[in-house]
Amino acid sequence: MNTNRTRVAIHNRNMRTDAEEFARPAQPPDTTSWSALREAAKDCEACHLYKGATQTVFGEGPKGATMMLVGEQPGDYEDVAGKPFVGPAGKIMDQALEEAGIDRTKVYVTNAVKHFKWEPRGKRRIHQKPNSREIAACRPWLEAELRIVKPKLVVAMGATAAQTIFGPAFRVTRERGKVLSSKLAPRVLATVHPSSLLRQPDEASREREYKRFVSDLRAALYAAGEE
Ligand code: URA
């Protein structure tokens, strides 16, 4: 297993030899098999992000899930584990799901972008926001997941997920908590990204924002017809 030091060294080497950050839309196979889709995504080279990542982090959850949660991209922990939302943001999301009465094992959890984008800072890997070309390159994978899972409701967590679904003009602050419709999915509720709760300046605002997040998830549960 690679250590972070090795990952940083590989990243630096790749980035030195490839200044060009290419991106073109991924071409998932036309299949109704989730496993076949996941297998194909392992080899995705639609954009340059695969070079710095350990592996593709595909979505996870039951095929017939009524709810799909969409985040931004895997973080450091997810990149190593190969599973979405298993790091600090995942922990707070799990706690909020439980408080909202949502069983994570019954929900499909995925990301708008399936490779970890980061830059080295010393031995650490610092998250970088994916740009619009990288998001567009990865979008066909999300579309394919939506076609197979067919959730009754999609929860877009944070601006990247929401803008992947609604376009770049979408503002989570304006539309948060409403059930909206898009070409990608008939019912979508946008809320904040769980990592934003970890960045709150003090305990009081963290508590307040956490409660708002739980209440958005309760609204999502209701909208998915589970309550
Ligand atoms: N943040 C995300 O958006 N997705 C993950 O899987 C982990 C952190």
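These legends go with close-up views of a predicted model.

Residue numbers run from 1 along each chain as its sequence is written, and side-chain values use heavy atoms, leaving out hydrogens and water. Local features need pLDDT of at least 70 and side-chain atom pairs pLDDT 80 or more, while totals for chains, interfaces and linings use all residues.

**View 1. The shell around the ligand.** Gly-71, Glu-72, Gln-73, Pro-74, Gly-75, Glu-78, Pro-84, Phe-85, Asn-111 and His-193 surround the ligand (each has a heavy atom within 4 Å of it). Sorted by class, that's three nonpolar, five polar and two charged residues, with Gly counted as polar.

View 2. Asn-111 brings a polar side-chain atom to 2.7 Å from a ligand nitrogen. On its own the ligand has 240 Å² of accessible area, and the protein covers 92% of that (Shrake-Rupley, 1.4 Å probe).

**View 3. An aromatic pair, Phe-58 with Trp-141.** Their ring centres are 6.2 Å apart (the cut-off is within 6.5 Å), with 90 degrees between the planes, so edge-to-face (over 60 degrees). Phe-58 sits in the loop between helix H2 (34-42) and strand E1 (67-71) and Trp-141 in helix H5 (residues 132-149), so the pair ties together parts 83 residues apart in sequence (helices, at least four residues, and strands, at least two, are DSSP runs).

Key:
Polar contact = N/O pair within 3.5 Å; in protein donor to acceptor, adjacent residues only side chain to side chain. Phe/Tyr/Trp six-rings, centres within 6.5 Å; stacked < 30°, edge-to-face > 60°.
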